[in-house]
Amino acid sequence: MVIKPKVRGFICTNAHPAGCAESVKRQIQYVQNKGNISNPAKNVLVIGCSTGYGLASRITAAFGGSAKTLGVCFEKEPSERKTGTAGWYNTAAFHTEANKTGLYAKTLNGDAFSHQLKAEVIETIKRDLGSIDLIVYSLASPRRTDPDTGQAYLSSLKPIGQSYTSKTFDTNKEVVHEVNLDPASEDDINNTVKVMGGEDWELWLKALNQAGVLAKGCRTTAYTYIGKELTWPIYGHATIGKAKEDLDRAARQLNQNYQDTGLRAFVTSLKAVVTQASSAIPVMPLYISLMYQVMKDEGCHEGVIEQIYALFNEQLLAENPVLDEADRIRMDGVETNDHIQSKIKAIWPEVTTENFPELGDYQGYHEDFLRLFGFAFDNVNYDEDISPLADW
Ligand code: NAD
């Protein structure tokens, strides 16, 4: 079939297998050009391994540190008539590249929140790896079913305390307009913490520890976004920010609970980038477009792979990572510094639909968005007939 992008709102409902493979290959190339990371982990579990920051983590661990990687994701398989999700194709491409270099790679596709998937992961570790020395928790999900009660929870992206009106960029209609977001209820806040907070990260560590598959001195990290004033009303001080605060609580708890195993748990704050998860957050596409423009002008732009390579090479596996006042690893220092933020703040009130292409990096945002789904690569022939089927 000939596959062209079908964009609906903030999502693209199909994906291109050759384009996703290109995206994975470019990330691998980046890592290989940079060279081996210091202090590599041997056996790495990546929960949320198929797109965004989790995929970059898997690529860095494998191609920058020769790690054996076990991945967990929740992706749709293709059929003869319908493409799979981008994460499916990314994973197939990752396996192809890992096989070429003889790197162990296994991926389990299913619900990471369930007891069953955790049990399957443990079985695989026991059979193939013995133990795990790094666990990356990189899930982004709008819903979670509590594995004990069976109750389903939905997360929300709402301000707390009062409604919030802001500019946003509608990536579908391509207009800058105002959005008014109603404040969250107590239930909204609690449900978002239940989905995106630290409870499931803790359940993973508990299950892995009980099964005896945590290597001595194992490390684990979960990813957060902290941001600054421009994004606080919709992120840092909003429902999702509350869930992220819960990750800090979970990290403290993990460090306490598994002290005897030498486990160290960190929350890592990463910069804002275009991913499927961030595209869904109101205001973020506009903020990211302006921030990309400013950081490109300043020569300090970074995408997922640059952030993760630096994290793995310099901090996550270092003997003594540099931590902030809340014991988090910070990779977002350039985005959040006053100089960059003041430049974004200066543009913010000026931006309209008409001047957006000049003031913001609309081109870069749009290209990155399409590339999430395997489109917009200049060396991929999108007129070619291609099978949507792929496997690993
Ligand atoms: P993403 O949407 O690209 O990736 C989400 C991953 O989670 C995918 O691999 C998906 O398959 C997996 N997943 C979702 N639900 C699942 C389930 N039930 N079972 C198994 N796998 C499941 O997201 P991302 O932007 O890379 O986000 C990853 C983490 O990084 C999140 O915690 C996010 O808050 C954080 N983060 C993102 C940004 C950003 O700007 N994108 C910035 C800082 C931190």
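Biologist: How many cavities of 30 Å³ or more does the count come to?

Modeller: One. This is a predicted model. The largest cavity has a volume of about 50 Å³.

Biologist: What lines the largest cavity?

Modeller: The lining is Val7, Phe169, Thr171, Tyr362, Tyr365, His366, Phe369 and Leu370. Helix 14 (residues 362-372) gives the largest share, five residues.

Biologist: How many residues of each class are in that lining?

Modeller: Six are nonpolar, two are polar and none is charged. Tyr counts as nonpolar by the rule used here.

Biologist: Now the charged pairs. What makes Lys118 and Asp200 a salt bridge?

Modeller: The cut-off is 4 Å between a side-chain nitrogen of Lys or Arg and a carboxyl oxygen of Asp or Glu. Lys118 and Asp200 meet at 2.7 Å, N to O, so the pair qualifies. The pair links distant parts of the chain: Lys118 lies in helix 4 (residues 115-129) and Asp200 in helix 6 (residues 199-210), 82 residues apart.

Biologist: Why is Lys118 called buried?

Modeller: Buried means under 20% relative accessible area. Lys118 has 4%, so Lys118 is buried. Asp200 is at 1%, so Asp200 counts as buried too.

Biologist: Which residue forms a salt bridge with Glu202?

Modeller: Arg249, with the closest N and O atoms 2.7 Å apart. This pair links helix 6, which holds Glu202, to helix 7 (residues 239-257), which holds Arg249.

Biologist: What makes Asp248 and Arg328 a salt bridge?

Modeller: Their closest N and O atoms are 3.2 Å apart, and the cut-off is 4 Å, so the pair qualifies. Asp248 is in helix 7, and Arg328 is in the loop between helix 10 and strand 13. Both Asp248 and Arg328 are buried.

Biologist: Why is helix 10 (residues 304-316) said to fall short of a straight helix?

Modeller: A straight helix of 13 residues would reach 18 Å at 1.5 Å a residue. The end C-alpha atoms of helix 10 are only 16 Å apart.

Biologist: What makes helix 10 mostly covered?

Modeller: Ten of its 13 residues are buried, including Ile305, Tyr309 and Phe312. What covers the buried residues includes helix 1 (17-34), helix 2 (52-65) and strand 12 (264-269).

Notes. Residues are numbered from 1 along each chain as its sequence is written. This is a predicted model: local features need pLDDT of at least 70, side-chain atom pairs count only at pLDDT 80 or more; totals for chains, interfaces and linings use all residues. Side-chain values use heavy atoms; hydrogens and water are left out. Helices (H or I, at least four residues) and strands (E, at least two) are DSSP runs, numbered from the N terminus. The expected span of a helix is 1.5 Å times one less than its number of residues. Buried means under 20% relative accessible area, exposed over 50%, partly exposed in between (1.4 Å probe, protein chains only). Contact means heavy atoms within 4.5 Å. On a 1 Å grid over the protein atoms alone, a cavity is a set of points where a 1.4 Å probe fits but cannot get out, and a pocket is an open set with protein on both sides within 12 Å along at least five of seven lines; lining residues have an atom within 4 Å of a point. Grid points are joined across faces, edges and corners, and a volume is the space filled by probe spheres set on the points.
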